[in-house]
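Here's a quick briefing to keep open next to the model. Have a look at the fold, then work through the points below.

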Amino acid sequence: RNAELKRRIIADAETLAGAEDPRAAAQQAKTLQKQWEGVGITEHREDRHLWLAFRAACDQVFERLDQQRKAQDSLM
């Protein structure tokens, strides 16, 4: 059950990586991170695999936000 919840959170995070508004996507990713913490544990090996997938998706979201900020800064 917990593993399935985490897979859903990962899917949501992967969707955010392609969102049009990086700022809003980053806020939603933070909400997903809190949801992740509340899910609970799964089998250790599976949990590690799920965590890496989740982190990779969140990293993409925050990287897009960082790129947007850098682009805005270069215009000033």
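In α1, the residues Asn-2, Leu-5, Lys-6, Ile-9, Ile-10, Asp-12, Ala-13 and Leu-16 meet Ala-25, Gln-28, Ala-29, Leu-32, Gln-35, Trp-36 and Val-39 of α2; contact here means heavy atoms within 4.5 Å. Sorted by type, the residues of this α1 with α2 contact come out as ten nonpolar, three polar and two charged. For that sorting, Ala, Val, Leu, Ile, Met, Phe, Trp, Tyr, Cys and Pro count as nonpolar, Asp, Glu, Lys and Arg as charged, and the others, Gly among them, as polar.

Bear in mind that this is a predicted model: local features need pLDDT of at least 70, side-chain atom pairs count only at pLDDT 80 or more, and totals for chains, interfaces and linings use all residues. Residues are numbered from 1 along each chain as its sequence is written, and side-chain values use heavy atoms, with hydrogens and water left out.

**Helix geometry**

- Helix α1 (residues 2-16) packs on helix α2 (residues 22-39) at an angle of about 170°, and their axes are 10 Å apart.
- That makes α1 roughly antiparallel to α2, a label for angles over 145 degrees.
- Axes are lines fitted to C-alpha atoms, for helices over the stretch in contact, and angles run from 0 to 180 degrees between N-to-C directions.

**The chain as a whole**

- The chain has three helices and zero strands, giving the pattern α-α-α along the sequence.
- Helices (H or I, at least four residues) and strands (E, at least two) are DSSP runs, numbered from the N terminus.
- Along the principal axes, the C-alpha atoms fill a box of roughly 50 × 20 × 15 Å.
- Of the 76 residues, 28% are buried; buried means under 20% relative accessible area, exposed over 50%, and partly exposed in between (1.4 Å probe, protein chains only).
- Among contacts with a separation of 6 or more, 78% join residues 24 or more positions apart.

**The nonpolar core**

- The largest nonpolar core has 18 residues, and those with the most contacts inside it are Ile-9, Ala-13, Leu-16, Leu-32, Trp-36, Phe-54 and Val-61.
- α1, α2 and α3 (44-75) each supply at least two residues of this core.
- Such a core is a set of buried Ala, Val, Leu, Ile, Met, Phe, Trp, Tyr and Cys residues joined through side-chain atoms within 4.5 Å.
- Leaving out residues up to four places away in sequence, Ala-13 touches Leu-32, Phe-54, Ala-57, Cys-58 and Val-61.

- Lys-6 sits in helix α1 and counts as buried, at 3% relative accessibility.
- Not counting residues up to four places away in sequence, Lys-6 touches Trp-36, Val-39, Gly-40, Ile-41, Thr-42, Asp-47 and Leu-50.
- Glu-43 is in the loop between α2 and α3 and counts as partly exposed at 48% relative accessibility.
- Glu-43 and Asn-2 are 41 residues apart along the chain, with their C-alpha atoms separated by 9.5 Å.
- Ala-24 belongs to helix α2 and is partly exposed, with a relative accessible area of 33%.

Terms used
Parallel < 35°, antiparallel > 145°, perpendicular 65-115°, else oblique.
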